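I am opening a notebook page on this model and will record what I looked up, entry by entry, with the criteria beside each term.

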Amino acid sequence: MIRLLLAFFALLFAGFLALAEGIAPEKRQSGFDMMSAETQSLQKDDLANPAMLWVKEGERLWNSAPENGERACAACHGDARSTMNGVAARYPAVDRPSGHLLDLDGRILQCRSEHQKAAPWARESRPLLALSAFIGLQSRGEMIAIDEKETKARAAIKRGRDLFSRRFGQLDLACVHCHDDNWGRKLGSATIPQGHPTAYPIYRLEWQGLGSLQRRMRNCMTGVRAEPFPYGAQEWIDLEAFLKARAAGMVIETPGIRP
Amino acid sequence: MAGTLIDVPKTAKRGEIIRLRALVAHPMETGYRREITGAVIPRLIIHTFTCDYDGEEIFRAELFPAMAANPMIAFTTIATKSGPVTFRWIDDAGAIITEKVMLNVTE
Amino acid sequence: MSSPSSKPCGNPLPKASDGVSRRAVLLTLAGGTAALLAPPIHAEPDDMAKAIHEFTGGISPQKGRIKIDVAPLVENGNSVAIAVIGESPMRAEDHIRTIALFNEKNPQPQVARFHLTPRSGTARVETRIRLATSQHLVAIARMSDGSLWSDEVEVIVTIAACTEE
């Protein structure tokens with residue numbers, strides 16, 4: 001009897017190790033594919049998707065001078081429809097002068113402080129999200145393609161992969177347990193997605209508002225009863241770099257809707 | 001954020017039934033949520049939505065806290081003549097949001 | 001993780017010998033609980049019936065001529081797409097004047113009232129609503145001749161995983 005039990009657990013353990021290899025590239029699916037038809041149609045309709053309210057605001061901000069009267073984004077970057085096309089697709093990316101690996105929101109914040117000399121916006125603030133959504137929209141339909149070979153990016157991807165496999169919180173779960181091993185199955189009544197960052201920032205129905213990838217991942221950490229990393233933490237940049245590498249080639253849907 | 005998303009056809013034939021859809025940015029705070037301290041977040045919703053076209057009010061809605069945030073309402077009307085279609089939202093604080101679009105009606 | 005020696009679920013009730021009577025503590029707890037329970041956050045099943053009664057003036061609507069179109073199972077109760085579709089020629093002499101939508105288990109029974117006219121063309125209104133939990137919805141149409149018609153559906157609401165709390 002003991003021998004049988006041991007064999008059973010050995011099989012389970014082996015099975016578990018085999019599972020923890022990630023998702024095969026051809027099996028990757030956006031969270032979009034796992035949503036109800038009703039939510040999908042909401043995302044596809046630009047006049048029904050509430051995220052477009054933030055996009056409109058972002059466009060207004062793009063074309064307006066900041067409060068201190070300095071140059072508007074448009075003054076340097078012109079028409080975002082052409083100049084920002086494909087930009088979100090390659091973030092996180094290294095800012096050459098400082099050598100830092102920045103996510104898109106970090107890039108916007110840096111432009112604001114260095115080139116516009118304007119008062120900083122907080123992470124997750126309305127104007128930052130609005131610009132993030134507007135700029136992100138200019139990469140809709142493009143494929144995620146960050147420079148994985150760049151030194152800083154490579155290091156971040158490795159740290160991100162470690163974070164993705166690390167157990168957190170009272171529930172002692174790692175991202176892999178849900179998003180690699182059990183995607184498509186139910187957590188309560190919600191379908192577990194694979195966790196690809198194809199649609200950020202998203203209008204999450206649960207938030208009844210627009211939020212960033214960092215906000216969503218903080219919810220994951222709360223979900224396993226862990227203290228979430230603060231906004232802007234290096235861990236989020238590392239995780240995003242890893243997630244973008246994991247989702248390389250997938251199509252951007254920004255701004256998306258998610259339940 | 002006083003933003004709106006309006007879906008109204010640019011042109012219509014006279015007598016044609018057209019679909020009008022209007023979405024407005026508003027938190028539609030129900031009055032049933034609480035802060036982390038336990039204090040109730042006061043109710044603040046849009047309670048009335050109206051649409052005026054060709055000289056009169058063609059649609060009116062009374063809204064309650066069960067409406068979703070950033071509410072969207074779609075309804076129909078018969079295209080009569082070219083002119084503005086005016087949407088109006090009024091909330092509990094007395095704020096009035098207005099949005100106007102032009103409808104071109106051909107014979 | 002709490003230490004093994006920590007007390008589960010707060011402190012036990014003081015003994016009578018502690019100088020605080022057990023009765024006093026129980027009364028305080030009862031009062032505190034009552035305070036926590038107000039304002040009400042769940043509708044009584046009667047609330048919807050009362051609200052409908054008020055709208056119809058006590059008349060029982062007949063089933064038909066109005067339909068609620070909503071998914072039987074929704075992903076998130078914060079945004080439920082719904083359409084109410086009335087059957088009517090929508091002419092001056094025969095049209096739907098008002099469509100009222102009611103819910104069973106939200107804190108308040110009313111959802112919306114839509115006022116239409118003979119210029120409406122159709123009696124189709126679409127919107128998105130919030131549902132606190134799985135429940136029934138009732139739509140009532142009042143015709144230009146004063147007659148009342150209704151439809152009722154059940155919606156199952158699923159809950160999101162991994163939220164802010």
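For the interfaces I count two residues as in contact if their C-beta atoms, placed from the backbone, lie within 7 Å. This is a predicted model, in which local features need pLDDT of at least 70 and side-chain atom pairs count only at pLDDT 80 or more, while totals for chains, interfaces and linings use all residues. Residues are numbered from 1 along each chain as its sequence is written, and chains are lettered from A and ligands numbered from 1 in the order in which they are written.

Entry: chains B and C.
I looked up the contact and found that 21 residues of chain B and 26 residues of chain C take part. On the side of chain B that touches chain C, β5 (56-63) and β6 (72-78) are the elements that give two or more residues, strands being DSSP runs of E of at least two residues and helices runs of H or I of at least four, both numbered from the N terminus. β6(B) gives the largest share, seven residues. I sorted this side of chain B by class into 17 nonpolar, two polar and two charged residues; Ala, Val, Leu, Ile, Met, Phe, Trp, Tyr, Cys and Pro count as nonpolar, Asp, Glu, Lys and Arg as charged, and the others, Gly among them, as polar. β5(B) runs antiparallel to strand β6 (residues 110-115) of chain C and is joined to that strand by four bridges, with B:R60 opposite C:H115.

I traced an open, antiparallel sheet of six strands in the order β1(B)-β3(B)-β6(B)-β7(C)-β4(C)-β2(C), where two strands pair if DSSP finds at least two bridges between them. β1 (4-7) of chain B and β2 (66-70) of chain C stand at the edges with a single partner strand each, so one side of each has no neighbour in the sheet. From one strand to the next the twist averages 15°. Between β1(B) and β3 (residues 17-24) of chain B I noted four bridges in the antiparallel sense, and B:D7 stands opposite B:R21.

Entry: chain B as a whole.
I find zero helices and eight strands in chain B, and its C-alpha atoms fill a box of roughly 60 × 20 × 20 Å along the principal axes. Of its 107 residues, 37% are buried, that is, 20 or more other C-beta atoms lie within 10 Å of their own, against 12 or fewer for exposed and a count in between for partly exposed, with C-beta atoms placed from the backbone.

Entry: chains A and C, and α10(A).
Here the contact takes 16 residues from chain A and 14 residues from chain C. α10(A) supplies four residues, the largest share of the side of chain A that touches chain C. Nine of the 11 residues of α10(A) are buried, among them A:L213, A:M217 and A:C220, and the buried residues pack against β5 (202-204), β6 (209-211) and α11 of chain A.

Entry: α8(A) against α11(A).
I read an angle of about 95° and an axis separation of 7 Å for α8 (residues 151-165) and α11 (residues 234-246) of chain A. The two helices are therefore roughly perpendicular, the class for angles of 65 to 115 degrees. The residues of this contact divide into 11 nonpolar, one polar and four charged.

Definitions and conventions: Axes are lines fitted to C-alpha atoms, for helices over the stretch in contact, and angles run from 0 to 180 degrees between N-to-C directions. Angles under 35 degrees count as roughly parallel, over 145 as roughly antiparallel, 65 to 115 as roughly perpendicular and the rest as oblique.
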